[in-house]
Amino acid sequence: MRIVAGDKHFRELNEEINTCPDAEIELDNVCGQRYICSGLSGKKVTIHGIPGNALCCYLDAVSYTHLT
């Protein structure tokens, strides 16, 4: 699934990520949202843009790629 972060508040974005049923997620237009993927489990996440602090904290079996 592809999710456009844009100007979403980090809580809204993380809710969308955490409830996504897909095993692979691509995040587009990330711009400073913090706590992206916090507490996520068993997914592959590709981030396009510039995430804020605490990127992927408290992960469990998650792989991520950060592309600018």
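Leaving out residues up to four places away in sequence, L13 touches I3, A5, K8, L27, Q33 and I36, where a contact means heavy atoms within 4.5 Å. The model is a predicted one, in which local features need pLDDT of at least 70 and side-chain atom pairs count only at pLDDT 80 or more, while totals for chains, interfaces and linings use all residues. Residues are numbered from 1 along each chain as its sequence is written, and side-chain values use heavy atoms, with hydrogens and water left out.

L13 also belongs to the largest nonpolar core, which has 13 residues and in which L13, I17, L27 and I36 have the most contacts. Such a core is a set of buried Ala, Val, Leu, Ile, Met, Phe, Trp, Tyr and Cys residues joined through side-chain atoms within 4.5 Å; buried means under 20% relative accessible area, exposed over 50%, and partly exposed in between, with a 1.4 Å probe and protein chains only. Two or more residues of this core come from each of α1 (10–19), β2 (24–31) and β3 (44–50), and β2 gives the largest share, three residues. In soluble globular proteins, nonpolar side chains tend to be buried together.

In the protein chain as a whole, the secondary structure comes to one helix and four strands, and the elements run β-α-β-β-β from the N terminus on. Helices (H or I, at least four residues) and strands (E, at least two) are DSSP runs, numbered from the N terminus. Of the 68 residues of the chain, 35% count as buried.

Which residues of α1 are buried? They are F10, L13, N14 and I17. Seen down the axis of α1, these residues fall within an arc of 95°, so they line one face of the helix; the arc is that of the directions from the helix axis to the C-beta atoms. What covers them includes β1 (2–4) and β2, whereas the face of α1 turned away from the buried side carries the exposed residues R11, E15 and T19.

Rings of Phe, Tyr and Trp (its six-membered ring) pair if their centres lie within 6.5 Å, and planes under 30 degrees apart count as stacked, over 60 as edge-to-face and the rest as tilted. The rings of F10 and Y35 have their centres 5.4 Å apart and their planes at 55°, so this pair is tilted. F10 lies in helix α1 and Y35 in the loop between β2 and β3, so the pair ties together parts that are 25 residues apart in sequence.

| Residue | Relative accessible area | Class |
|---|---|---|
| F10 | 13% | buried |
| Y35 | 30% | partly exposed |
| C20 | 4% | buried |
| C31 | 61% | exposed |

The structure holds zero disulfides, a disulfide being a pair of cysteine sulfur atoms within 2.5 Å. C20 is found in the loop between α1 and β2 and, leaving aside its neighbours within four places in sequence, is in contact with M1, I25 and K43. C20 and M1 are 19 residues apart in sequence, and their C-alpha atoms are 7.8 Å apart in space.
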